[in-house]
Amino acid sequence: MKTRRTPWWYYPVALILGALCGVGLAMLDERMATSLLGAPWFVDLLLLVLGLVVLWLALQVHAYANTDPAKRPHAFINPERAVYTLVLAKALGIAGAALAGWYGGQAVMCLTHVEASYYSDAAIECAVAAVICIIDMIIGIVSEGLCQLPPDEGAENPKLKRAERRRRMRQAPATTKTAR
């Protein structure tokens, strides 16, 4: 299975789509007199903890992948856990961008009515949630990079091919002298 990095443009697209949805919700809330705006503080805490857990898992995968195979502890991590960590990192990056747009769009729309306590509270809650979601997006991008395997040192590596050629060239004169 070949895994590719998430293209950079996925993040701004998710951010813009989330912002459009957040603005739409704020407009709907204003017209319908419902109370859908804002984010409970528990959600902010949960998003932050989720981001830190994904970063911790990615650091474990990175440490395992960059350790000499002879020195690796056998029960430390398995390939399935590493793949799950990569999937979590990708999902956290995209979801962080979309939610940052969602909460950011709501916060911007609440600024027009900030004199009302409901809207000022919602604007503060959404602004804090948007900042935490941006942090989660960054953690997702960094974690995805941490899950990347180091360059393969297999037989097709150009450095190993040059070293093998040099080794053969050094051995060639020695074998011709012994053959005479």
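The expected span of a helix is 1.5 Å times one less than its number of residues. Helices (H or I, at least four residues) and strands (E, at least two) are taken as DSSP runs and numbered from the N terminus. The model described here is predicted, so local features need pLDDT of at least 70 and side-chain atom pairs count only at pLDDT 80 or more, while totals for chains, interfaces and linings use all residues. Residues are numbered from 1 along each chain as its sequence is written, and side-chain values use heavy atoms, with hydrogens and water left out.

The protein chain contains five helices and zero strands, in the order α-α-α-α-α along the sequence. Of its 180 residues, 30% are buried (buried means under 20% relative accessible area, exposed over 50%, and partly exposed in between, with a 1.4 Å probe and protein chains only). A contact is defined as heavy atoms within 4.5 Å. Among contacts between residues at least 6 apart in sequence, 81% join residues at least 24 apart. The accessible surface of the chain is about 11900 Å², and carbon and sulfur atoms account for 70% of this surface. Such areas come from the Shrake-Rupley method with a 1.4 Å probe, and for residues only the protein chains shown count as cover.

Confidence is expressed as pLDDT, the predictor's confidence in each residue, from 0 to 100. The mean pLDDT of the protein chain is 87, and 88% of its residues reach 70 or more. Helix α5 (residues 158-179) has the lowest confidence, at a mean of 72, and α4 the highest, at 95. Where pLDDT is low, the predicted coordinates should not be read in detail.

Helix α1 covers residues 10-32. At 1.5 Å a residue, its 23 residues should span 33 Å, which agrees with the 32 Å between its end C-alpha atoms. The buried residues of α1 are Tyr 11, Ala 14, Gly 18, Gly 22, Leu 25, Ala 26 and Asp 29. An α-helix has 3.6 residues a turn, so residues three or four places apart point the same way. The cover over the buried residues of α1 includes α3 and α4. Just after α1, Ala 33 has a positive phi of about 55 degrees.

A nonpolar surface patch is formed by Trp 8, Trp 9, Tyr 10, Val 13, Ile 16, Leu 17 and Leu 20, with about 800 Å² of accessible area together. Patches are made of residues with over 30% relative accessible area and no salt bridge; like charges are joined within 9 Å, and nonpolar side chains (Val, Leu, Ile, Met, Phe, Trp, Tyr) within 5 Å. Ile 16, which lies in helix α1, counts as exposed at 51% relative accessibility.

A salt bridge is a side-chain nitrogen of Lys or Arg within 4 Å of a carboxyl oxygen of Asp or Glu. By this rule there are two salt bridges. In one of them Arg 5 pairs with Glu 144, with the closest N and O atoms 3.6 Å apart. Arg 5 lies in the segment before α1 and Glu 144 in helix α4 (residues 117-146), so the pair ties together parts that are 139 residues apart in sequence. Glu 144 also forms a salt bridge with Lys 90 (3.2 Å, N to O). Because Lys 90 lies in helix α3 (residues 79-110) and Glu 144 in helix α4, this pair ties together parts that are 54 residues apart in sequence.

Tyr 11, in helix α1, is buried at 9% relative accessibility. Not counting residues up to four places away in sequence, Tyr 11 touches Thr 6, Gly 93, Ile 94, Ala 97, Met 137, Ile 141 and Glu 144. The C-alpha atoms of Tyr 11 and Ala 98 are 7.7 Å apart in space, although the two residues are 87 residues apart in sequence. Ile 141, in helix α4, is partly exposed, with a relative accessible area of 28%. With the exclusion of residues up to four places away in sequence, Ile 141 touches Arg 5 and Tyr 11. The C-alpha atoms of Ile 141 and Lys 90 are separated by 7.1 Å, with the residues 51 residues apart along the chain.
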